[in-house]
Amino acid sequence: MAKLPGTAGVSVLGDKSMEFYRDPVSFCEQRIEKYGTRIFQSRLLNKPTTFVCSVEGMRELLCEKSSVFLKDPTDVMHNMYGDNIVTSNGEEACLLRLSLTSLFTGACLESWNDYITRVCERCLNDLSTSREPESVYPLFKRVGTELVLGLFLNVQPEEQLFQEITNLCTLHWHGLISAPVSVKVPLWSSGFCTALEARDQLLDIIRDKLHTDTQGFVGSLGSLPLPEPSCASQHLLLFISALIPKALASLLTSFTMALSGPQMEETRRRARSDPVYLHHILLEVQRLWPPFIGGRRIANQDTCLGGFLVPHGYAAMYISHAVHRDPEVFTHPHDFLPERWSGRNSGQEHLLCSLGNGPRNCIGTQLNYVFLKAACVYLLQHYEWILDPPSQDLQYKWLPVSRPSNPPTVTFTPPQDQ
């Protein structure tokens, strides 16, 4: 096995975390060009890290060797969410997936369609009334928040509890993007400390719901034979957190940007009447603008990845943006081409990793797609739209969630045929 290209540097001094978090896309692109390979090493979070930027490497990491590369128990996700299906490993993770899968597939998934449609109608039904530009990212985040709180916790937007949970989720989210230092002194608390306090308040609300509410998702979750008494509340904390609304807002914003303007009128018209073509559009949106930059694992033994030796204890991080633009798999990788999914890449949806891949992919992938498709169908059926003003800086930032750095504004108008 060959040595990994690049260098992990020395502890602390060789750490490249600041450079990576400042611009992860440029970080990877520069090293891919420098080393001539889409797998290389550097130092991230003061740990030697293998960066995986190829489809083949991603599949090997997340599928063939999912039992070798494990979730990091010291990850900030564990601090913020506790033990759950995302942070666990091995047999525990398998048992949790078996227990929870029924809530995200089949009849349960179909039973939510009416509620999802109602949320889209409530949140998106008057966008053309004012004819004024709309900041779409916060709009779509609101849609996502109403969806998750209604579906997972039976909390509706007219309830006072809705706003309380929304505010706590925002504080909790800040723990994921702040230094993991818990400091509290009179009149001031660190962001991480505030996030932990918000987590505890959210868990109190969730436990109360599990105790008193026997309907819907929360009732079904509470009746499952989960391994620990705290398991249901830890998972509800994950499901109602800001992760899902932000992921949905990211994808909906990218969809709106990709299809905006008169030059995309024919694309919108075709997507409005052709469900298969709309599916290909949504695949292409996920390919070019994945909501999350990637995921991180730890090697539990010496192993091989893409022909390179990865020592025991090394981290491995797949970069969704780079994987999805691997020219070995996707021709013209930087272009928005929905037609690729009916051509060379037909049947290759499994090569995307927007929400993970393999046996540890996101358990809510199907639900997220149902959310996304329902909102996009509603927008297509009820509106045309353009960027307003036409000239906006749409440069993306990729952390913590991908979206244009400057929130784009869009003007919606009724379709010409209405």
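Which residues are buried in helix 10? In this predicted model, where local features need pLDDT of at least 70, side-chain atom pairs count only at pLDDT 80 or more, and totals for chains, interfaces and linings use all residues, the buried residues of helix 10 are Phe192, Cys193, Ala195, Leu196, Ala198, Arg199, Leu202, Leu203, Ile205, Ile206 and Lys209. Residues are numbered from 1 along each chain as its sequence is written, and side-chain values use heavy atoms, with hydrogens and water left out. Buried here stands for under 20% relative accessible area, exposed for over 50%, and partly exposed for what lies in between (1.4 Å probe, protein chains only).

**Helix 10**

- Helices (H or I, at least four residues) and strands (E, at least two) are DSSP runs, numbered from the N terminus.
- Helix 10, covering residues 191–212, has 22 residues and reaches 32 Å from its first C-alpha to its last, which is close to the 32 Å expected at 1.5 Å a residue, the expected span being 1.5 Å times one less than the number of residues.

**Strand 2 and its partners**

- Strand 2 (residues 47–52) is largely enclosed by the rest of the structure, because five of its six residues are buried.
- Strands count as paired if DSSP finds at least two bridges between them; strand 1 (residues 39–44) runs antiparallel to strand 2 and is joined to it by six bridges, with Gln41 having Thr50 in strand 2 as its bridge partner.
- The hairpin of strand 1 and strand 2 has two residues between the strands, and in this hairpin Leu45 takes a positive phi near 55 degrees.
- Strand 2 also pairs with strand 10 (residues 315–319), in the parallel sense and over four bridges, and Val52 stands opposite Tyr318 in strand 10.

**Cysteines**

- With a disulfide taken as a pair of cysteine sulfur atoms within 2.5 Å, the count comes to zero disulfides.
- Cys28 is in no disulfide, the nearest cysteine sulfur being that of Cys53, 4.1 Å away; at 2% relative accessibility, Cys28 counts as buried.
- Cys193 is likewise in no disulfide, and the nearest cysteine sulfur, that of Cys169, is 18 Å away; Cys193 counts as buried, at 7% relative accessibility.

**The surroundings of Ser402**

- Ser402 has its place in the loop between strand 12 (396–397) and strand 13 (403–404), and counts as buried because its relative accessibility is 0%.
- Leaving aside neighbours within four places in sequence, Ser402 is in contact with Ser250, Trp289, Pro290, Pro291, Tyr396 and Lys397, where contact means heavy atoms within 4.5 Å.
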